[in-house]
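Please go through the side-chain contacts of this predicted model.

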Amino acid sequence: MFTLAEVASLSDIQPTYRILKPWWDVFMDYLAVVMLMVAIFAGTMQLTKDQVVCLPVLQSTVNPKVQPDTTGKADFTTVETTTGQEEASMRTVAFGSAPTVTPDILLSRATSSQYQPTESDQELKKEQKDSSGRKTNLDFQQYVFINQMCYHLALPWYSKYFPYLVLIHTLILIVSSNFWFKYPKTCSKIEHFVSILGKCFESPWTTKALSETACEDSEENKQRLTGAQSLPKYVSTSSDEGSPSASTPMITKSGFKFSADKPMIEIPSVTILDKKDGEQAKALFEKVRKFRAHVEDSDLIYKLYVGQTVIKTVKFIFILCYTANFVNTISFEHICNPKVEHLIGYTQFECTHNMAYMLKKLLISYISLICVYGFICLYTLFWLFRIPLKEYSFEKVREESSFSDIPDVKNDFAFLLHMVDQYDQLYSKRFGVFLSEVSENKLRGISLNHEWTYEKLRQHVSRNAQDKQELHLFMLSGVPDAVFDLTDLDVLKLELIPEAKITAKISQMTNLQELHLYHCPAKVEQTAFSFLRDHLRCLHVKFTDVAEIPAWVYLLKTLRELYLIGNLNSENNKMIGLESLRELRHLKILHVKSNLTKIPPNITDVAPHLTKLVIHNDGTKLVVLNSLKKMTNVAELELQNCELERIPHAIFSLSNLQELDLKSNSIRTIEEIISFQHLKRLTCLKLWHNKIVSIPSSITHIKNLESLYLSNNKLETLPAAVFSLQKLRCLDVSYNSIAVIPVEIGLLQNLQHFHITGNKVDVLPKQLFKCVKLRTLSLGQNCITSIPDKVSQLLQLTYLELKGNCLDRLPATLGQCQLLRKSGLVVEDHLFDTLPSEVKEVLNQDTGIPFANGI
């Protein structure tokens, strides 16, 4: 036998699931418990007290020779027996009005209504008197036998099995109510949802976010704000100055909360999150994001809940229909025909069922409970189909809070939230905080500010090559507020910071003139933009798609240098990002590193005032260059890695061009160099990293050329025409196949930097050392066997590269090169050791002369 507690435990679910139990489910659970109690009570009564008591029915039709006694005192019925053994064993007494029974009277055949002994009766008495036997009380056994037979034959089956039916039906209803909590494909989702929901509800970040929202968005509180001038100094009110526009990020404002009864000012109690709470909140955001992606793609939970509700409704209708037919079958009196007349002598018995009254009351109670249960099921179905439960809107939450970006959800995620609303709508409101990107960004900002303090940021400030203070922030969740307290910062680099926000505090950084945004679509406030527009001089933007370029970049009217690194292919992006370059009227330098097939016509919008244009392609062939003709003021032009095969003719129209760099192209011949004679201001020509095999003699027409870079080509000789360029100060022919340095090199009296590293030179002409202004001489990786002593004539030499040659010693005259030091002498160690000790001492002296190699 099981106890009530054990049966009731079948309906128990985890206490944490109670938030998914609406009132109707809770009410039906209690009804199921009551029905269990009815079943157990009825079953207990039936097992302990249920019985049927039967008495024979005296009818004259049983034996027409039997006539009842009309006196009402004693009524004996005699039954004809066929054998002597039956006479001894079948002794029965039929109860009438007589109070006593004499069990030893033998049954005899009744001949009339009055008893008169006959001759045969006297003979029978005589025989009975002569016989002897033992009293057996078989009359009691006969009644027990009849009671048991009539219990099964006369009693309706519903009276016998009513408690068990109630128990089975109730268990089925309980299982149907809680099946969605147990089914494997739904219970895991429900378990995760309840776990996340509880953590979101109790998270300190939720309280902080909602309290700040209440302070920010309560217009009533702002109107009721009185006495703000008398507030303590540590309480600051928000102002409208510098407030972000619709396209700029929102900055958290401090606010005040008023009581409905007392106009007292209250500051939110939760103002700072400790590190542990912040980490937990960030983990919750990630969990919510993944759970939403997992649950929102199906509606299995919704369908399962609808299915089990339909099953309960069908079950209710079935129980009600068949039970109503059996209500009247539960009766106190029953007629039984056991068909054991050959044993008892009677064919019909009238029986009483002692549990009939109790069972009928219990059945009525059970029907009442089932009716209530069924009506609740019908209401549940009405609720399920009345509103679209597979869609959930946070519109009300968005209106009440500053988190206007809380998305609407669908499918099982929406259904679970609808179920939670039946428990308490505050759960969904607090849960919505973790669906908002604005909320997540606020949390990141708080955690970021805790981690990146002013002292930590100061440790990351360094000096760059231009001796400027530089701060590089990489892969952070945002820009720490303490960055804007570094007022002496010159360069700020922000890389891979997707939620970068530049606040009005940047106006404190009066020294800031250079900003780098690498994959960082930063948003700015209006006040911050005004400061950048007036102070920023150099901007570097690195992006994957042109849409990542912030729109405010094209409004920086005082910007001098703009570096764009990313995909600007006109076929993909249609150069949308460069349409507004015309607003950059003070732009002098434009650096584009992309994959262009033609120079964007939009660049010509800034051509009149552009002085330097740099285009670094990724190997994509630059075909159309006609727009270059409009850039009449360009002084420096770089077309690198553009797969150019010849020098573009459009360049010859740039009358103000001073420096041309065509590095890393596919140029094989430079016969067009004769047209450079029209470029009177051209002083630097860089044709390195190409496939040039010869230098035409027409190069002599570039009279003002001061720097010529022809390294990493396929040159085998240097024509004498090169040495007719009297103004040449730098000549770089490294990494070619040159075997001889022409003696005409001595004509270059202004030559300061000569690089011929990585060639096949074996002899140095003495005329080389007539170039007394040489400061840098690179002769490494050649076949030189000796260095002439005339190297001492190079009094201004500061850098000498000899490594990778066939030298066996160094000339001692190196000591006469007054500016040469060991740091500027690149040779093998064993060659340096061949120098006299006094020469070594001279070379080891530190004069503090800066090293320069001219490249």
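## Aromatic pairs

The whole structure holds 27 aromatic pairs. Rings of Phe, Tyr and Trp (its six-membered ring) pair if their centres lie within 6.5 Å; planes under 30 degrees apart are stacked, over 60 edge-to-face, and the rest tilted. Phe652 and Phe676 form an edge-to-face pair, with 5.3 Å centre to centre and 70 degrees between the planes. Phe652 lies in the loop between β18 (636-640) and β19 (659-661), and Phe676 in the loop between β19 and β20 (684-686), so the pair ties together parts 24 residues apart in sequence. Helices (H or I, at least four residues) and strands (E, at least two) are DSSP runs, numbered from the N terminus. Both Phe652 and Phe676 are buried. Buried means under 20% relative accessible area, exposed over 50%, and partly exposed in between (1.4 Å probe, protein chains only).

Ring pairs also build a cluster from Trp157, Tyr158, Phe162, Phe318, Tyr322 and Tyr366.

## Charges over rings

Two lysines deserve a look here. Lys456 lies over the face of Trp452, 4.3 Å from the ring centre. The charged end of Lys542 sits over the ring of Tyr518, at 5.9 Å from its centre. The criterion is NZ of Lys or CZ of Arg within 6 Å of the ring centre and within 35 degrees of the ring normal.

## Nonpolar cores

A nonpolar core is a set of buried Ala, Val, Leu, Ile, Met, Phe, Trp, Tyr and Cys residues joined through side-chain atoms within 4.5 Å. The largest has 130 residues, and Phe676 and Phe754 have the most contacts inside it. Helix α19 (residues 526-535) gives the most to this core, with four residues. A second, separate core has 81 residues, including Ile174, Ile190, Val327 and Ile367.

What does Phe754 touch, leaving out residues up to four places away in sequence? Its partners are Leu731, Val733, Ile741, Ile745, Leu768, Leu774, Thr776, Leu777 and Ser778. Contact means heavy atoms within 4.5 Å.

## Disulfides and other cysteines

The search finds two disulfides in the whole structure. The test is a pair of cysteine sulfur atoms within 2.5 Å. Cys54 is joined to Cys351, S to S 1.9 Å. This link is right-handed, with 110 degrees about the S-S bond. It connects distant parts of the chain: Cys54 is in strand β1 (residues 52-56) and Cys351 in strand β5 (residues 349-353), 297 residues apart. Both Cys54 and Cys351 are buried.

Cys150 is joined to Cys336, S to S 2.1 Å. Here the link is left-handed, with -90 degrees about the S-S bond. Cys150 is in helix α5 (residues 138-153) and Cys336 in strand β4 (residues 333-336), 186 residues apart. Cys150 and Cys336 are both buried. Counting bonded cysteines along the chain, the pattern is 1-4, 2-3. Cys730 is in no disulfide; the nearest cysteine sulfur belongs to Cys684, 7.7 Å away. Cys730 counts as buried because its relative accessibility is 3%.

## The chain as a whole

The chain has 22 helices and 26 strands. Of its 855 residues, 47% count as buried. Residues 24 or more positions apart account for 56% of the contacts with a separation of 6 or more. The accessible surface is about 43300 Å², with 53% belonging to carbon and sulfur atoms. Areas come from the Shrake-Rupley method with a 1.4 Å probe; for residues, only the protein chains shown count as cover.

## Basis

Residues are numbered from 1 along each chain as its sequence is written, and side-chain values use heavy atoms, without hydrogens and water. In this predicted model, local features need pLDDT of at least 70 and side-chain atom pairs count only at pLDDT 80 or more, while totals for chains, interfaces and linings use all residues.
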